[in-house]
Every structure is written in structure tokens, then in C-alpha cells.
Amino acid sequence: MAKAKAAPAASSGGKSAKKKKWSKGKVKDKAQHAVSLDKTTYDRILKEVPTFKFISQSILIERLKVNGSLARVAIRHLEKEKLIKRIVHHSSQLIYSE
């Protein structure tokens, strides 16, 4: 008798009453970073960046709102001017310090 009552519950196939609805996912806003260097951004790079404790391409993109190629050029320029010094040289990530 106990087996007869358990059988209908097992025959439902384990389907729940509601079907799970998947979210569409979070959409990140497209960043509006500068693609050309103007005088104010250049002055900010020369004044602020050498004071950063940790300098990388990612940091410049995030803080100064410039695109990646401008950040790389700015880092190379600051290194040539001896305002920053290289700590780690890796093919994909260059890390500098004050």
C-alpha cells in the first residue's frame, strides 16, 4: 500500500510547478573614452600619473578615461622622460611605479 502512494509522485518526472526563467544578463554600458589627446588630458598625465603608486595601462584607462592606445603611448612617454620606472615587463601587461 505504501508503494502505491509513492508511485504517482515519482511518475511526475521531477518537474517543478514553475519553469525557471533565465535572466538576460547584465549589460555593461559602453565606455566613452577619449581617443585623442588634448592639452588638459596631457597636463593631467604629466602631473598626476607620476604620483600613482602603481601604474599600468588599465589604471590609466580607468582613472583618466583614455583608450588603451593612448594609455600605452602616455606610459612610454613618461618612462622616456624618467618620470616613472618599470617594475615588470610582460608581453601583455607593463607595470610601472613612481
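## Basis of the description

Contact here means heavy atoms within 4.5 Å. This is a predicted model, in which local features need pLDDT of at least 70 and side-chain atom pairs count only at pLDDT 80 or more, whereas totals for chains, interfaces and linings use all residues. Residues are numbered from 1 along each chain as its sequence is written, and side-chain values use heavy atoms, with hydrogens and water left out.

## Overall organisation

The protein chain contains four helices and three strands, these being DSSP runs numbered from the N terminus, with helices (H or I) of at least four residues and strands (E) of at least two. Read from the N terminus, the elements follow the order α-α-β-α-α-β-β.

Of the 98 residues in the protein chain, 21% are buried, where buried means under 20% relative accessible area, exposed means over 50%, and partly exposed lies in between (1.4 Å probe, protein chains only). The accessible surface of the protein chain is about 8,300 Å², and carbon and sulfur atoms account for 58% of that surface; accessible areas come from the Shrake-Rupley method with a 1.4 Å probe, and for residues only the protein chains shown count as cover. Among contacts in the protein chain with a separation of 6 or more, 50% are between residues 24 or more positions apart.

## Packing of H2 against H4

Helix H2 (residues 39–48) and helix H4 (residues 68–80) have axes that come within 11 Å and cross at roughly 50°, the axes being lines fitted to C-alpha atoms over the stretch in contact, with angles running from 0 to 180 degrees between N-to-C directions. H2 and H4 are therefore oblique to each other, since angles under 35 degrees count as roughly parallel, over 145 as roughly antiparallel, 65 to 115 as roughly perpendicular and the rest as oblique.

On the H2 side, Tyr42, Ile45 and Leu46 meet Ala74, His77 and Leu78 of H4. The residues of this contact comprise five nonpolar, one polar and no charged.

## Two buried serines in strands

Ser56 lies in strand S1 (residues 55–56) and is buried, with a relative accessible area of 2%. When residues up to four places away in sequence are not counted, Ser56 touches Ile75, Gln93 and Leu94.

Ser97 belongs to strand S3 (residues 94–97) and also counts as buried, at 13% relative accessibility. Beyond its neighbours within four places in sequence, Ser97 is in contact with Lys53, Ile55, Ile84, Lys85 and Ile87. Ser97 and Ile84, 13 residues apart in sequence, are 5.8 Å apart in space from C-alpha to C-alpha.

Notes. Ala, Val, Leu, Ile, Met, Phe, Trp, Tyr, Cys and Pro count as nonpolar, Asp, Glu, Lys and Arg as charged, and the others, Gly among them, as polar.
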